[in-house]
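Reader: I have a model open and would like to go through the terms used to describe it. Could you show it and take my questions one by one?

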Amino acid sequence: MGSSWLDVPRDWMASLGDIAKFSWRVVAEVFDGRALRFFGETLRQAGILILGSAVVIWGMAFILGLTCGIEAAYFNRALGAPAYAGFFGAWCELREVLPYAFGYMMSAKVGTGLVAEIGAMRISDEIDALEVMGISSLTFLCSTRLLAAWMVLPFMYIAAVGAGFFASYLAVVEQIGEVSSGGYFLIFWMFQNPPDLLYSTIKGMAMATVIVLVGCYYGYTAGGGPVGVGTATAKSMVLNTVLVHVVGMLGTQVFWGTNPRAPIGG
Amino acid sequence: MMILTGKTLLSAMRPPYPYGTEFVQQFLFMLRLCWLPLLISTVAFGYGAPGLQAGNALIIFGAVDRLGGFFVLASIREFAPFVTAIILAGVGGTAITADLGARKIREELDALQVLGVDPIKNLVVPRFLALMIVTGLFNIFAMIFGIFGGVLATLTFDAPLGPFFATLLTNATTTDLWGSVLKTTLFGAIIAIVSCYKGMTASGGAEGVGKAVNQGVVVEFLGIFAFNYVFTQTLLATHPEISVIK
């Protein structure tokens with residue numbers, strides 16, 4: 001039972017330096033090519049990511065796209081411009097909601113999954129066994145997973161954007177039905193451009209990187225029996241949800257902070 | 001899961017009521033665990049998504065004073081419940097699953113049953129009630145800090161704060177408020193039931209508890225957002241007056 005109001009921040013303070021150091025080592029091992037020695041393992045992890053998480057992430061993007069769509073339709077009807085629902089849809093989804101949806105589902109599915117998996121290996125001394133066999137466990141377990149995430153997730157993210165767009169089209173045009181399909185798409189595509197997609201993808205990838213690193217850290221340092229794995233999983237989720245929001249805010253500030261990049265006004 | 005819901009509701013109603021202390025403990029536990037993550041997340045979300053993006057759009061129209069009105073839609077109706085649910089599921093729900101899962105693995109739940117103590121009445125019901133109430137109350141907390149994020153965004157645009165609050169207050173309706181609180185209370189119920197169920201059915205040693213937490217949080221997120229869609233849809237369709245911008 002939590003004893004003090006300041007337990008959570010104190011815990012973060014205590015582990016922040018550790019997480020940074022750990023992340024630095026994992027990233028460095030990806031870049032100096034040591035992770036490539038385990039390319040087979042990387043491909044296997046990429047396969048697990050695709051088979052295990054793709055459908056859930058797309059599902060989440062789809063549901064949030066629907067929500068965005070109905071809010072767009074009602075908000076623009078209230079403004080007296082139902083034909084402009086596409087504008088709200090394009091900004092709401094591509095710039096904000098889809099990165100968040102992706103981040104939430106990544107931290108729930110992939111982040112906690114990594115903690116559970118690697119934590120179980122730590123508890124049953126499999127990580128020590130790896131070290132004894134002369135394999136660098138950090139490279140084999142964490143760097144390969146990070147590399148796999150970087151290989152697979154951009155594509156998965158763009159597919160999720162597609163799922164979200166399709167959902168908001170369904171909600172605005174087919175369900176509420178106040179704007180024609182052509183009118184919706186005219187506004188929808190006018191209010192976004194390829195750099196927006198690029199920035200949105202960068203945002204999603206930044207979240208994914210943070211989530212994979214935090215998940216690996218908590219799994220790698222788990223201790224205290226089966227119960228410890230559960231606690232570490234819960235803790236990683238706490239940190240991940242907060243970091244997703246912080247990354248989202250910084251991304252918005254950096255990419256669209258002072259320049260809305262809209263095709264109207266001057 | 002449905003059976004667990006039914007059993008929980010029944011045993012919450014039926015006397016005796018031995019769960020008072022546990023309820024207070026769980027309530028405070030959730031408060032202590034969630035206040036800081038929720039604070040950071042709502043300010044960040046309110047500043048970034050509705051604040052900066054919508055503010056940018058409104059600046060083009062030269063109507064940045066309307067940002068307050070937009071915050072009714074953004075913060076009160078959608079994002080405050082949204083972020084509250086995410087944080088409560090991610091922080092509180094995972095803690096509950098890890099806790100109950102640990103007890104299941106150590107066979108404490110079986111021991112309770114042998115002692116004649118009903119685990120549903122003594123463990124699930126207090127968590128269920130505490131989480132429902134805490135989620136509803138945290139929603140108000142999230143609204144306040146979400147709007148604080150909006151205030152920060154307004155200041156970033158060098159706009160005066162008076163019009164922000166004026167449009168905020170003229171556009172806010174009681175329907176929005178109770179809709180939002182009702183929605184989050186039901187989110188709390190979803191989170192509590194799913195995490196208790198996943199915790200109490202955890203099995204399979206070291207990886208089992210972690211797996212239970214993992215599956216629990218995924219099911220909660222999908223459940224919350226599917227429910228949110230249906231609820232928003234119903235609320236907007238049945239109360240057309242709340243979407244009129246004043």
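Reader: What makes B:E107 exposed rather than buried?

Author: Gladly! A residue is buried if 20 or more other C-beta atoms lie within 10 Å of its own, exposed if 12 or fewer, and partly exposed in between, with C-beta atoms placed from the backbone. B:E107 has 10 other C-beta atoms within 10 Å, so B:E107 is exposed. You will find B:E107 in the loop between helix 3 (67–105) and helix 4 (108–114) of chain B. Please keep in mind that this is a predicted model, where local features need pLDDT of at least 70 and side-chain atom pairs count only at pLDDT 80 or more, while totals for chains, interfaces and linings use all residues. Residues are numbered from 1 along each chain as its sequence is written, and chains are lettered from A and ligands numbered from 1 in the order in which they are written.

Reader: What is the phi of B:E107?

Author: B:E107 has a positive phi of about 65°, although B:E107 is not a glycine. For background, most residues other than glycine have a negative phi. B:D158 also goes on the list, with a positive phi near 55° in a residue other than glycine.

Reader: Where is B:D158, and is B:D158 buried or exposed?

Author: B:D158 sits in the loop between helix 5 (119–156) and helix 6 (161–171) of chain B. The count for B:D158 is 7 other C-beta atoms within 10 Å, so B:D158 is exposed.

Reader: Why does B:F29 count as buried?

Author: B:F29 has 20 C-beta neighbours inside 10 Å, so B:F29 counts as buried. B:F29 belongs to helix 2 (residues 20–60) of chain B. From B:F29 to B:A95 there are 66 residues in sequence and 9.8 Å in space, C-alpha to C-alpha.

Reader: How many helices and strands does chain B have, and how do you know what to call a helix?

Author: Helices (H or I, at least four residues) and strands (E, at least two) are DSSP runs, numbered from the N terminus. On that basis chain B has eight helices and zero strands. Chain A, too, has eight helices and zero strands, and reads α-α-α-α-α-α-α-α along the sequence. Of the 266 residues of chain A, 55% count as buried, and in chain B buried residues make up 56% of 246.

Reader: Why are helix 3 of chain A and helix 7 of chain A called roughly parallel?

Author: Their axes come within 8 Å and cross at roughly 20°. Axes are lines fitted to C-alpha atoms, for helices over the stretch in contact, and angles run from 0 to 180 degrees between N-to-C directions. Angles under 35 degrees count as roughly parallel, over 145 as roughly antiparallel, 65 to 115 as roughly perpendicular and the rest as oblique. Helix 3 of chain A and helix 7 of chain A are therefore roughly parallel. The residues of this contact divide into 18 nonpolar, eight polar and five charged (Ala, Val, Leu, Ile, Met, Phe, Trp, Tyr, Cys and Pro count as nonpolar, Asp, Glu, Lys and Arg as charged, and the others, Gly among them, as polar).

Reader: How many residues of chain A are in contact with chain B?

Author: Two residues are in contact if their C-beta atoms, placed from the backbone, lie within 7 Å. By this rule, 57 residues of chain A are in contact with 53 residues of chain B. Helix 8 of chain A supplies the largest share of the side of chain A that touches chain B, with 18 residues. That side has 35 nonpolar, 17 polar and five charged residues.

Reader: Which residues touch the most other members of the largest nonpolar core?

Author: A nonpolar core is a set of buried Ala, Val, Leu, Ile, Met, Phe, Trp, Tyr and Cys residues joined through C-beta atoms within 7 Å. The largest has 169 residues, and A:M60, A:A61, A:A101, A:F102 and B:F221 touch the most other members. Helix 3 of chain A gives the most to this core, with 24 residues. Leaving aside neighbours within four places in sequence, A:F102 has contacts including A:I57, A:Y157 and A:M207.
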